[in-house]
Amino acid sequence: MFCHDDIVKLRRHLALVVRWQQLKKRGAAITAVLFFSIFALVGAIVNVAWINGPTFSSAARMALFGTPKGRLKCTNSSGSLKYTCPRNNYPTDHQVRQSSSSCPSYFQWIHEDLRPWREMGITQDMIRGARKTAHFKLVIVNGRAYMEKYKPSLPARDQFTLWGILQLLRWYPGRLPDLELMFDCDDRPVIRRKDFQGPRKPPPPPLFRYCRDDWTLDIVFPDWTFWGWPDVNIKPWKQSLKDIKEGNERTVWEERVPYAYWRGNPYVCPSRQDLLKCNVSDKYDWNARLYIQNWNEQAKAGFKQSNLANQCTHRYKIYVEGWAWSVSEKYIFACDSMTLRVRPNFYDFFARGMVPLKHFWPIRDNSKCTSLKFAVEWGNNYTDKAKGIAEAGSQYIHEDVKMEYVYDFMFHILNEYAKLLRFKPTVPAGAVELCPEVMLCNATGRHKEFMIESMVESPSESAPCTLPLPYEPAELQAFLDLKANSTRQVEMWENEYWQNQNRRN
């Protein structure tokens with residue numbers, strides 16, 4: 001809010017600017033008046049509290065103010081706290097240089113995820129068919145976002161997913177075509193492939209979510225934590241990556257603890273409870289160090305033991321799914337530790353491009369303890385190879401899943417999806433318009449802090465990366481065979497190891 005002194009200052013300096021316009025032909029002295037007037041005017045504006053809330057860092061404040069067209073205000077002209085979406089406060093299009101970079105290889109899966117609708121297209125009736133489990137419907141018309149909410153999601157999921165889509169619209173203003181989609185924020189995919197196979201079966205409803213498996217047709221989209229998970233104090237992805245990189249540099253791989261590390265909530269699925277059997281005990285050491293994470297206790301303690309940057313201290317880190325895929329995957333891979341990946345059933349948008357023995361070490365799901373024991377023994381005997389796998393997996397995350405590529409993936413999946421629509425999207429009568437002003441100004445606490453931190457300040461200076469062509473059938477099969485054969489190779493080594501151990505005993 002403006003205080004009385006600020007208003008007086010503004011009036012005085014605006015009067016000087018008007019006076020300069022009247023006298024602008026009188027020479028260099030007047031130019032000096034203009035310079036000092038603008039300097040003082042900026043100083044007055046900076047002292048004005050445009051955003052209600054805590055004191056932010058200079059970087060966060062820049063995100064709030066930005067350029068004149070990117071500035072956010074949480075009050076309207078009458079001083080009311082009724083937040084609405086303004087017009088003409090941010091570029092609606094932006095001239096950019098053509099991108100010279102190709103997208104990472106996992107972008108090819110965009111074509112595979114949309115293949116069920118490639119020939120027939122997507123009708124509005126098909127989209128309505130996905131409403132049964134959807135949390136919201138998103139409509140984008142003329143670069144502006146509208147939402148119909150059907151039911152609440154788990155904390156922060158729908159809110160930060162929508163926030164992320166708004167940032168995409170700021171990153172690439174005016175580039176996305178009009179579209180309409182349904183989004184399910186729950187963990188497990190629900191569009192079963194078998195329900196839509198056969199000549200008399202209906203076409204599958206297109207439904208976006210965070211993961212899928214080989215038996216479902218849900219469309220994979222980046223999860224909400226890329227813009228932060230305030231409920232457990234996980235920062236937006238860009239800052240998290242920076243923090244983890246700094247943590248990696250504190251302890252080189254050779255000096256890390258030579259065991260497999262996992263910390264998490266084991267009570268969300270049987271597979272994680274089974275993993276706990278592999279913890280070190282008085283009777284046996286499976287080379288694993290496992291810790292239960294109680295988020296309620298962490299919240300009370302200020303999340304002091306859950307700092308991701310402080311968890312890159314072991315040579316090996318375990319990834320095991322939760323109720324479905326786990327958001328922990330990207331943080332584990334980013335750690336410069338060799339990731340021991342328990343065979344997953346689900347996959348997110350980037351994981352399908354990763355290859356066993358190149359980016360991670362595969363762990364059997366039905367014999368976790370023996371598999372973990374051998375993996376650590378192998379790594380500690382072949383340290384150069386283990387370190388190479390660790391670095392390749394971490395590099396994949398830091399380079400191919402950096403925030404710029406997350407936005408590029410979002411752009412391409414939505415752009416390709418929009419091409420399949422067989423109708424012209426329109427704004428539903430009961431839809432609510434979304435914009436940063438509405439979402440940020442209604443947020444409080446850590447939710448608001450993470451929105452500020454993850455807000456796009458200005459449009460990208462380059463176009464999205466170039467989407468690779470779809471896989472040829474033989475090419476896709478060769479890639480799947482490579483991954484399967486690499487896993488079988490590890491299992492053969494493991495079998496030989498335990499056979500030798502049994503002979504010795």
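**Exercise 1. Sort the residues that line the second largest pocket into nonpolar, polar and charged.**

Step 1. Learn the classes: Ala, Val, Leu, Ile, Met, Phe, Trp, Tyr, Cys and Pro count as nonpolar, Asp, Glu, Lys and Arg as charged, and the others, Gly among them, as polar.

Step 2. Sorted this way, the lining of the second largest pocket holds 21 nonpolar, 9 polar and 6 charged residues.

Before going on, note that this is a predicted model, where local features need pLDDT of at least 70 and side-chain atom pairs count only at pLDDT 80 or more, while totals for chains, interfaces and linings use all residues. Residues are numbered from 1 along each chain as its sequence is written, and side-chain values use heavy atoms, with hydrogens and water left out.

**Exercise 2. Find where the second largest pocket lies and which elements line it.**

Step 1. A pocket is an open set of points on a 1 Å grid over the protein atoms alone, where a 1.4 Å probe fits, with protein on both sides within 12 Å along at least five of seven lines; its lining residues have an atom within 4 Å of a point. Volume is the space filled by probe spheres set on the points, which are joined across faces, edges and corners.

Step 2. Domain 1 (105–229 + 404–468) and domain 2 (233–402 + 478–504) both contribute lining residues, so the second largest pocket lies between them. (The bounds come from an automatic or database domain assignment.)

Step 3. The volume of this pocket is about 930 Å³. Its lining has 36 residues, with Trp229, Arg272, Trp295, Ser326 and Val327 nearest the centre. Two or more lining residues come from each of strand E6 (257–264), helix H9 (295–300), strand E8 (314–319) and helix H10 (328–333). E6 gives the most, with 4 residues. (Helices, H or I of at least four residues, and strands, E of at least two, are DSSP runs numbered from the N terminus.)

**Exercise 3. Now describe the largest pocket by its volume and its lining.**

Step 1. This pocket has a volume of about 1,100 Å³.

Step 2. Its lining counts 40 residues, and Trp109, Asp214, Tyr347, Leu480 and Lys483 lie nearest the centre. By class, 22 are nonpolar, 4 polar and 14 charged.

Step 3. Helix H4 (109–114), strand E10 (361–363) and helix H16 (473–504) each supply at least two lining residues, and H16 gives the most, with 9.

Step 4. Domains 1 and 2 both give residues to the lining, so the largest pocket also lies between them.

**Exercise 4. How far apart are Gln489 and Pro356 in sequence and in space?**

Step 1. Gln489 and Pro356 are 133 residues apart in sequence, and 9.7 Å apart in space from C-alpha to C-alpha.
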